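Subject: Handover of a structure and notes on its cavities and helix packing

Dear colleague,

Please find below the structure that I am handing over to you. My notes on what was found in it follow directly after.

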Amino acid sequence: MNVRVLPGAWVAVAGTLLAGLAHALSIAAPWDGQPQWWLQLFAMEVLVRLVDTAPNVRAAALRGFLFALAWLAGTFWWLFISLHVYGGLPAVLAVLAVAALAALLALYYALAAGVARHCNLQHPLGRAALWAALWTLAELGRGLWFTGFPWGAAGYAHVDGPLAAFAPWVGAYGITAIAALAAALLAALAAPAPGRWQAGLALAAIVGLSLLPARLAPPADTAVIAQPLRVSLLQGNIPQDEKFEPGVGIEQSLQWYGQQLDRATTPLVVAPETALPVLPEQLPIGYWQALQARFSAGGQAALFGMPLGDLRAGYINAAVGLTPGRTAHYEYAKHHLVPFGEFIPPLFRWFTEMMHIPLGDFRRGDVGQASMVLGEQRLAPNICYEDLFGEELAARFQDPAKAPTIFVNMSNIAWFGDSIAIDQHLAISRMRSLEFRRPMLRATNTGATAIIDAQGKVTHALPRLTRDVLTGEVYGRTDITPFAAWAGRFGLAPLWAPALAIVALALWRRRRP
């Protein structure tokens with residue numbers, strides 16, 4: 001029997017796509033919903049070897065593109081659910097839209113792979129440093145330009161791994177850089193080239209350094225506010241196809257969340273994004289006044305999501321806070337708006353008009369808005385995927401005296417059904433807790449409603465797609481991590497600068513005769 005062997009190019013294509021899919025699984029594995037740090041390193045190590053052995057720059061760029069295409073499409077495939085199931089976009093167009101987004105973002109990584117092959121550095125340490133710099137720049141570009149969409153960045157695979165120790169020092173992007181460096185060093189160890197022992201020493205140094213941050217960090221019981229805050233987190237499980245429908249989801253939301261807000265006995269009760277899905281003036285007569293009276297007169301506080309504004313000033317996707325002894329409410333306006341869902345990008349109105357999603361052209365809030373003060377605690381809300389942008393949360397730490405003691409994420413992930421998006425978003429929140437050494441309260445419509453401690457561990461959680469109330473205690477903190485200090489002042493410039501310098505140096509060396 002004759003067996004036909006696939007040409008080498010097609011074997012490389014298949015390997016690249018499989019490695020990309022493995023990279024997607026590493027962010028949150030479908031078998032347990034947990035990040036798999038080892039799988040991320042393995043997948044990227046495979047990509048590094050495929051790029052290094054590419055016959056030319058074009059082939060290397062193509063492999064980088066295909067890896068990223070499989071990785072990104074395999075990470076946020078659930079966008080299909082929001083576009084097709086809830087948006088009414090035909091299935092074929094929804095698939096094409098997700099694929100087009102993944103392909104567009106994959107161009108960053110195609111460029112990174114192409115430049116790595118073009119420079120063709122021979123020393124394993126130099127080659128590894130260049131790879132780490134290029135990958136970091138690709139991730140930074142994806143997270144910043146065109147509103148930014150860094151969902152599924154490599155660093156999130158390491159929430160439970162040894163590299164998590166670096167989070168309070170360099171953040172998720174810094175962990176991405178270290179992971180890319182480690183993957184490239186692993187590839188150098190596997191290659192029959194001189195200098196392998198140096199790659200081994202560099203890997204050992206990374207392992208050793210991963211033990212150092214834990215030793216330098218202050219003890220877990222320092223900078224902790226002594227009095228814990230008891231909280232109730234509401235998960236209404238309102239079906240997405242009914243949530244904004246008059247006479248169905250709106251009334252259901254107002255009734256259930258209204259009851260739970262009234263019955264809560266903890267000092268703080270939190271309801272998710274757009275828990276009250278209408279403007280205050282659209283609420284039933286007396287509803288808003290009853291809420292204000294309930295929390296201004298007692299010893300409890302509430303934080304819940306609802307739209308605010310008017311046609312003249314514009315509308316905002318808001319977190320509204322009611323606190324004891326105050327008739328005026330606290331207000332946080334979502335800053336990082338979702339394209340097509342909360343604002344319509346230029347030239348794309350034709351696309352949004354094809355869907356039946358309740359779109360809002362919301363007004364953007366400022367970066368670094370004030371926290372909600374509740375006794376000794378300063379609660380910093382973030383809405384939906386705003387916790388994906390650690391550098392924006394860091395802006396709240398510029399003044400240590402006003403820095404948040406607790407983060408509060410308020411989300412509605414029902415747009416994406418019972419998918420891996422819930423697990424991925426939980427990993428993102430956990431990374432923010434690690435970066436800032438702050439607990440995170442998560443109140444969501446369908447999950448994951450959870451309490452995360454300052455070490456990034458989930459201490460309490462509700463089952464997804466259930467209607468329930470999660471109660472627990474959380475300890476706020478007042479210390480400022482190194483990442484919060486430098487990112488709050490300089491943003492991500494301390495990562496951009498060295499990565500650009502390494503790439504510039506490699507390109508300069510390539511041009512030398």
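Three helices, α7 (167-190), α12 (390-394) and α13 (421-436), each supply at least two residues to the lining of the largest cavity in this predicted model. Of these helices, α7 gives the most to that lining, with 5 residues. The largest cavity has a volume of about 100 Å³, and 16 residues line it. Nearest its centre lie Tyr 156, Ala 172, Tyr 173, Arg 432 and Glu 435. By class, the lining of the largest cavity consists of 10 nonpolar, 3 polar and 3 charged residues.

How many cavities of 30 Å³ or more does the structure hold? There are 2 of them.

Two packed helices are described by the angle between their axes and the distance between the axes.

The axes of α5 and α4 (residues 79-86) come within 9 Å and cross at roughly 150 degrees. Angles over 145 degrees count as roughly antiparallel, and α4 and α5 are therefore roughly antiparallel to each other. Their crossing is right-handed. On the α4 side the contact is made by Leu 79, Phe 80, Leu 83 and His 84, and on the α5 side by Ala 91, Ala 94, Val 95, Ala 97, Val 98 and Leu 101. This contact comprises 9 nonpolar residues, 1 polar residue and no charged residues.

With helix α6 (residues 124-144), α5 packs at an angle of about 160 degrees, the axes being 9 Å apart. That angle makes α5 roughly antiparallel to α6, and the crossing of these two helices is right-handed. From α5, the residues Leu 105, Tyr 108, Tyr 109, Ala 112, Ala 113, Val 115, Ala 116 and Cys 119 meet Leu 130, Trp 131, Leu 134, Trp 135, Ala 138, Glu 139, Gly 141 and Arg 142 of α6. The contact of α5 with α6 has 13 nonpolar, 1 polar and 2 charged residues.

How do the axes of α5 and α15 (residues 493-511) cross, and at roughly what angle? They come within 9 Å and cross at roughly 40 degrees, which makes α5 oblique to α15. The crossing is left-handed. Val 115, His 118 and Cys 119 of α5 make this contact with Val 503, Ala 506, Leu 507 and Arg 510 of α15. Its residues are 5 nonpolar, 1 polar and 1 charged.

Two details of the backbone remain. Gly 447 and Ala 448 are joined by a cis peptide bond, with omega at about 0 degrees. Ala 448 is found in the loop between β9 (440-444) and β10 (450-452). Thr 274, a residue other than glycine, has a positive phi, near 45 degrees. Thr 274 lies in the loop between β2 (268-270) and α10 (287-297).

With kind regards

Terms used: Residues numbered from 1 in each chain as written. Predicted model: local features only at pLDDT ≥ 70, side-chain atom pairs only at ≥ 80, totals over all residues. Heavy atoms only, no water. Axes fitted to C-alpha atoms, helices over the stretch in contact; angles between N-to-C directions. Helix = DSSP H or I, 4+ residues; strand = E, 2+ residues; numbered from the N terminus. Parallel < 35°, antiparallel > 145°, perpendicular 65-115°, else oblique. Left-handed = near helix turned anticlockwise from the far one by under 90°. Contact = heavy atoms within 4.5 Å. Nonpolar A, V, L, I, M, F, W, Y, C, P; charged D, E, K, R; others polar. 1 Å grid on protein atoms, 1.4 Å probe; cavity = no way out; pocket = protein on both sides within 12 Å on 5 of 7 lines; lining within 4 Å. Points joined across faces, edges and corners; volume = space filled by probe spheres on them.
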